[in-house]
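Me: I am new to this structure. Please take me through some of its residues, one question at a time.

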Amino acid sequence: MTAGAPTPLVATVDGPGATTGTLAFGGFRWRCAFGRGGVRVDKREGDGATPAGLWPLRRVWYRADRVATPETSLPVRAIAEADGWCDDPASPDYNRPVILPHPARHERLWRDDGLYDVLVEIGHNDDPPRAGLGSAIFMHVARPGYAPTEGCVALRIEDLRVALRSCDAGIALRIETP
């Protein structure tokens with residue numbers, strides 16, 4: 001981090017191969033879930049791993065039909081039914097938001113299961129995206145029991161909202177290996 005940069009949120013996995021851990025920030029500690037592939041420094045598309053490293057938080061997305069606008073200093077955008085995220089390494093839109101329908105492989109941000117009712121874009125492999133190094137890495141709402149993600153960091157929605165209230169522009173997330 002550069003001088004004067006905000007203190008990052010720190011996500012630490014419970015141990016080698018674990019898919020749960022702790023997110024710490026500003027005196028808070030919350031339980032969180034990681035990818036089914038654990039936390040790895042050599043993240044690859046489809047490996048189910050959460051990428052270790054220091055990643056800027058880019059923007060908060062939320063389902064305005066389900067939840068109130070998150071309180072945060074980060075940029076905020078309501079999710080529309082046609083919003084998606086390209087996860088196709090062969091596409092020029094790889095690891096970018098897209099409008100659906102989209103010809104390349106993608107995921108929908110408008111989900112029925114509530115996992116993306118609040119999500120935060122993590123600036124992993126996005127400046128610029130490099131094919132095959134991982135896409136659609138977010139902080140989002142956890143499944144019951146903190147079941148593993150596909151490579152994201154997931155928290156209870158209440159914990160995610162508390163964390164976002166304290167996030168200033170320029171903040172980053174440090175994801176640590178054990």
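Me: Is Asp 117 buried, partly exposed or exposed?
Reply: Buried means under 20% relative accessible area, exposed means over 50%, and partly exposed lies in between (1.4 Å probe, protein chains only). Asp 117 has a relative accessible area of 10%. Asp 117 is therefore buried.

Me: What kind of model is this, and how are residues numbered?
Reply: This is a predicted model, where local features need pLDDT of at least 70, side-chain atom pairs count only at pLDDT 80 or more, and totals for chains, interfaces and linings use all residues. Side-chain values use heavy atoms, without hydrogens and water, and residues are numbered along each chain as its sequence is written, from 1.

Me: Which residue forms a salt bridge with Asp 117?
Reply: A salt bridge is a side-chain nitrogen of Lys or Arg within 4 Å of a carboxyl oxygen of Asp or Glu. Here the closest N and O atoms are 2.9 Å apart. The partner of Asp 117 is Arg 66.

Me: How many residues apart are Asp 117 and Arg 66?
Reply: Strands (E, at least two residues) are DSSP runs, numbered from the N terminus. Asp 117 sits in the loop between strand E10 (106–108) and E11. Arg 66 sits in the loop between E6 and strand E7 (76–78). The pair links distant parts of the chain, and the separation is 51 residues.

Me: Is Arg 66 buried, partly exposed or exposed?
Reply: Arg 66 has a relative accessibility of 35%. So Arg 66 counts as partly exposed.

Me: Which residue forms a salt bridge with Arg 58?
Reply: The closest N and O atoms of this pair are 2.7 Å apart. Arg 58 lies in strand E6 (residues 53–62) and its partner in the loop between E11 and E12, so the pair ties together parts 68 residues apart in sequence.

Me: Where is Ser 135, and is it buried or exposed?
Reply: Ser 135 is in the loop between strand E11 (118–122) and strand E12 (138–141). Its relative accessible area is 8%, so Ser 135 is buried.

Me: With which side chain does the side chain of Ser 135 make a polar contact?
Reply: A polar contact is a pair of N or O atoms within 3.5 Å; within protein, one must be able to donate a hydrogen and the other to accept it, and residues adjacent in sequence count only if both atoms are side-chain atoms. For Ser 135 the distance is 2.9 Å. The partner is Glu 45.

Note on methods. Helix = DSSP H or I, 4+ residues; strand = E, 2+ residues; numbered from the N terminus.
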